[in-house]
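Please open the model in your viewer and keep the sequence panel beside it. The tour below moves from one selection to the next and says what is found at each stop.

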Amino acid sequence: MTIDWSWIGDHTDDLTTLSVSHLQAALTAVFLGLLISLPLAVVAHRIRPLRGLLLGLSNVLFTIPSIAVFVLLLPVSGLTRTTTVIGLTIYTLVVLLRNTVEGLDSVPQKTKEAAKAMGTRPLRTLLTVELPLALPVIMAGVRIATVMSISLVSVATYIGDGGLGQLFTDGFQRNFPTPVIAGVVLTLLLALVADALLVALQYVLTPWTRKRGA
């Protein structure tokens, strides 16, 4: 299997455009998944009877094959980027919801009681105490969800989207391996760079973990 380097040089603009489109779809899904999972996780953490229901529902959604999810969404949102983002968002929920719940569970009860004793209202305690302390676990979920979303965007090629996944289709249809290899390499690079940036972001947002480990 050989690589046609001249093809890559001739299609640099196309590869850049597809990479940006690929990343936009993945990051939008993670952002929306985080917006949805945060309030649901708080509910699951505070109201124990709903915990199993919410986590179980997210697990059920995760078992649906990705192609089936996109096909089921077609009558609603059609052959659009919206279908891709909705499908990816569904898959992020199982990771983000569970990690956020576990992160909130990991906050010491004594810490919450101390905040309550100081007269801190529940919402403020959540925003200034619980969520910050839960952030390392939440960020671990964000990293997993981001890498997973970047890998799944290519599946949306079957509905006319798919970012770098279009290179796979093009290469297979023409029996031309160069686009396929380029798509694989660029997808891996996007995942690695995104994960590294999230690690750096977590490092900046959680300075107390550095002091504790010192």
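Begin by selecting residues 79-97, a span that is 89% helix and 0% strand, with its end C-alpha atoms lying 28 Å apart. Bear in mind throughout that this is a predicted model. Next, select residues 53-73, where the chain is 90% helix and 0% strand and the end C-alpha atoms are 23 Å apart. Both spans come from the UniProt annotation "transmembrane region", taken from an unreviewed entry, which also covers residues 20-41, 133-160 and 180-205.

Now show helix H4 (residues 66-77) together with helix H5 (residues 81-105), and look along the place where they pack: the axes are 9 Å apart and the angle is about 135°. Angles over 145 degrees would count as roughly antiparallel, and H4 is therefore oblique to H5. The crossing in which H4 passes H5 is right-handed. To see the contact itself, display the side chains of Ser66, Val69, Phe70, Leu73, Leu74 and Ser77 on H4, and then, on H5, those of Thr82, Thr83, Thr84, Ile86, Leu88, Ile90 and Tyr91, along with Gly87. Colouring this contact of H4 with H5 by residue class gives eight nonpolar and six polar residues, with no charged residues.

Move to Thr12, which is placed in helix H2 (residues 12-46). Is Thr12 buried, exposed or partly exposed? Its relative accessible area is 41%, so Thr12 is partly exposed.

By class, the contact of H2 with H9 consists of five nonpolar and three polar residues, and no charged residues take part.

Methods. Residues are numbered from 1 along each chain as its sequence is written. This is a predicted model: local features need pLDDT of at least 70, side-chain atom pairs count only at pLDDT 80 or more; totals for chains, interfaces and linings use all residues. Side-chain values use heavy atoms; hydrogens and water are left out. UniProt positions are given in the numbering used here, feature names are shortened, and annotations may be inferred rather than shown by experiment. Helices (H or I, at least four residues) and strands (E, at least two) are DSSP runs, numbered from the N terminus. Axes are lines fitted to C-alpha atoms, for helices over the stretch in contact, and angles run from 0 to 180 degrees between N-to-C directions. Angles under 35 degrees count as roughly parallel, over 145 as roughly antiparallel, 65 to 115 as roughly perpendicular and the rest as oblique. A crossing is left-handed if the near helix is turned anticlockwise from the far one by less than a right angle, and right-handed if clockwise. Contact means heavy atoms within 4.5 Å. Ala, Val, Leu, Ile, Met, Phe, Trp, Tyr, Cys and Pro count as nonpolar, Asp, Glu, Lys and Arg as charged, and the others, Gly among them, as polar. Buried means under 20% relative accessible area, exposed over 50%, partly exposed in between (1.4 Å probe, protein chains only).
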